[in-house]
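Dear colleague,

Please find the structure below, with a short account of what was found in it. I would be grateful if you read the notes alongside the model.

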Amino acid sequence: MAVEPCIISVAITGSVPMKSDNPAVPISVAEQLESTHAAFEAGASLVHVHVRDDQGRPSSDPERFAAFQEGVARLCPGIVVQFSTGGRGRAAEQRGSMLHLRPDMASLATGSVNFPTIVYENHPAFVRELARAMQAHDVRPEIEVFDLSMIYAAADLVREGLLSEAPHVQFVMGVRNALPARRDVLEFELAQLRAVLPRATWCTAGIGRHQHEMNRWTIELGGHCRTGLEDNVRLDRDTLAPSNAALVRRTAALCAEASRAVATPAEARRILGLRAA
Ligand code: MG
């Protein structure tokens, strides 16, 4: 089978306040739109979104998500919009508070794991509640795999009818206290995914200095890549990334080196099984 073009996702703003680490992290919705537009022009076809309040703290305010969604549709035609249901800084009952806006996608972690300083808690009942809400609003989940068990937990959700048989899965590596960014571990996870969910599409996110090397491995292995300031604020040890667009350009350059095309928004929608924009 021919290798698909590579979908470059850009995670523009995390939930952990990082403004002090790199002033290029966009915080207000206006900053987020400007940053996403530049990343889109550099080749990103999917944007992963957390919003912040006026003090820069993680927010669940559906109005902010709606303002981003409305603006990005205008500035970046066809871009795939993925809202985060991630847990840091938000109570469980707030984590799906924006799904009624029907973004194209939303993240869905299928288990719990230790993060650097917290437990990222995803109770089995809560995972199912979020999966049901995504089905009800026709939002395609991106399964976040922080640990091996989460692959099999996703397969259980497929058997329960809560997920499509061809889910989109992201392997996250390099989070301290979770899985290390090792190519042999990635290849094992991928082999397991192919065994239990053979129709799944997949991408990876490497945290911090692992972002670039994981992009490279993933391009070689035929997967899709996430980059962006949520996961990593540096171009290299000595240089802060000046923008999300700069990180997208770095990933696009790796695609060019490997003779792998970068997906357009229309191609990303086809690959991910999403409705046309
Ligand atoms: Mg996130």
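**The metal site**

His48 is buried, at a relative accessible area of 3% (buried means under 20%, exposed over 50% and partly exposed in between, with a 1.4 Å probe and protein chains only). This is a predicted model, in which local features need pLDDT of at least 70 and side-chain atom pairs pLDDT 80 or more, while totals for chains, interfaces and linings use all residues. Residues are numbered from 1 along each chain as its sequence is written, and side-chain values use heavy atoms, leaving out hydrogens and water.

The magnesium ion is coordinated by His48 (NE2), His50 (NE2) and Glu230 (OE) at 2.1 to 2.3 Å. Donors here are N, O and S atoms within 2.8 Å of the metal (3.2 Å for Na, K and Ca), and the site may look incomplete because water is not among the atoms. Along the chain, the donors follow the spacing H-x1-H-x179-E. His48 lies in strand β2 (residues 46–49) and Glu230 in the loop between β12 (224–227) and β13 (234–236), so the pair ties together parts that are 182 residues apart in sequence. Glu230 also counts as buried, at 12% relative accessibility.

**The protein as a whole**

The protein has eight helices and 14 strands; these are DSSP runs numbered from the N terminus, helices (H or I) of at least four residues and strands (E) of at least two. Of its 277 residues, 55% count as buried. The C-alpha atoms fill a box of roughly 45 × 40 × 40 Å, taken along the principal axes.

Kind regards
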